[in-house]
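Welcome to this short tour! Open your viewer, get your selection tool ready, and follow along one stop at a time.

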Amino acid sequence: MCLALGTAPRPLRWGRKDRAARASCIKDFVKRPEKFVIDKLRRENSSPKWEGATCPHCGEGVLGPLKDHGEKKGGRGHRCSRSLCNRRMTPRSFHRIFSKGTVQSFSTLADQAAILFCAVAGCPQTTTRLLAQRNHKAVESIYGSLHGAQWADVEADEVDLGKMEDPAAGPRTATPVIWEQRGGIVQRGAPESLVLFRLQPKKTKRRAPGPGPIRKAGWAPLSKKWLKNRNVIFHTDGARSYKLKEQGVVHDWVVHKKKKAKVKGKWMWLKPSHSQKRYHDVPDPMKAGAKKRIWVKTGTQIIDGVWRELRRFVGKTKAVGSAHLMQKARSFQWAHWNRGKDLWHETGAMLQEAWAKKRGW
């Protein structure tokens, strides 16, 4: 019996959905050559098309068409045009589901496609393992990637862009200074995920070094909107507002200031820890009641680099809350979203989208 699944149904004369034929079935993948499986996955948009894309290894070369380079060189793939790189990209390179293992973890692309088909069709893992005759780790890996079992590293922090005295403050006002403070959230390895938001800090004295960290009232709605139920390893500094507990969020923090501690009976100043290696036992969605251990590197190096670029982009400003400053921040965010891309092409795409929205297309 053929398990059928696909996106192009061919309705029968009586319109019975349970009898409708689909575009693909499991027989299309079992014991098929790699060339046939790759072509089918590319036609059904389940495999990326790297032709003409920038090489992700060197960032300068252009990937050529799909060719057969021999088994010793990885089989069918795309080769980088840069002579100093000359790397080859296979259809499984940087894929979210398919992978190329070695020795015991090796499995053909046809087997992985068949396992993915069973997962989409709703087969239990135990049934899929018996049908595919593969190691349970290979089945769990594909099921986990399909159902979003991966945890992402996300960083958050705030930055001060300028200050000015409140024009409405009197000469004897104790706290006349208002600040331009921005917050940000970004996922490691994904510049297009940068989220910037304006904070409302309290007014301070004239000689205050800063407005202080983000307050709990300002962070609570942002945490629920961007982090809740998203399987996130959350990296921040030691601000207490970030310690709000949310479902699907594991919090890691580092202290960016030196502290005094007692070591062997003597009080000593300890240097700040900007980054450490830690592990967390997080719930495993593929096994009820089980947990899996993941190792992470703490710190806020990515978001700190974003603030360094933002300050260089905006420059020194005293116009707190001005429309010009808002436009500069939005322009920087768009440039960061398209980091590494052709900005001329992306500008044209942005203008086309803006014109379509204005005309109501």
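A cavity is a set of grid points where a 1.4 Å probe fits but cannot get out. Keep that in mind for the first stop, and remember that you are looking at a predicted model.

Counting cavities of 30 Å³ or more gives one. The largest cavity has a volume of about 40 Å³. To find the largest cavity, select the residues that line it: Trp219, Ser223, Leu227, Phe234, Tyr242, Leu244, Glu246 and Val249. Now try colouring this lining by class: six of the residues are nonpolar, one is polar and one is charged.

**Stop two: a pair of helices.** Next, select residues 301-314, which form helix 6, and residues 323-337, which form helix 7. How do their axes cross? They come within 10 Å and cross at roughly 130°, and the two helices are therefore oblique to each other. The crossing of helix 6 past helix 7 is right-handed. Show the side chains where they touch: helix 6 brings Val306, Glu309, Leu310, Phe313 and Val314, while helix 7 brings Leu325, Lys328, Ser331, Phe332 and His336. Sorted by class, this contact has six nonpolar residues, two polar ones and two charged ones.

**Stop three: a glycine in a loop.** Finally, select Gly64, in the loop that runs between helix 1 (34-43) and strand 3 (67-68).

Conventions:
Residues are numbered from 1 along each chain as its sequence is written. This is a predicted model: local features need pLDDT of at least 70, side-chain atom pairs count only at pLDDT 80 or more; totals for chains, interfaces and linings use all residues. Side-chain values use heavy atoms; hydrogens and water are left out. Axes are lines fitted to C-alpha atoms, for helices over the stretch in contact, and angles run from 0 to 180 degrees between N-to-C directions. Helices (H or I, at least four residues) and strands (E, at least two) are DSSP runs, numbered from the N terminus. Angles under 35 degrees count as roughly parallel, over 145 as roughly antiparallel, 65 to 115 as roughly perpendicular and the rest as oblique. A crossing is left-handed if the near helix is turned anticlockwise from the far one by less than a right angle, and right-handed if clockwise. Contact means heavy atoms within 4.5 Å. Ala, Val, Leu, Ile, Met, Phe, Trp, Tyr, Cys and Pro count as nonpolar, Asp, Glu, Lys and Arg as charged, and the others, Gly among them, as polar. On a 1 Å grid over the protein atoms alone, a cavity is a set of points where a 1.4 Å probe fits but cannot get out, and a pocket is an open set with protein on both sides within 12 Å along at least five of seven lines; lining residues have an atom within 4 Å of a point. Grid points are joined across faces, edges and corners, and a volume is the space filled by probe spheres set on the points.
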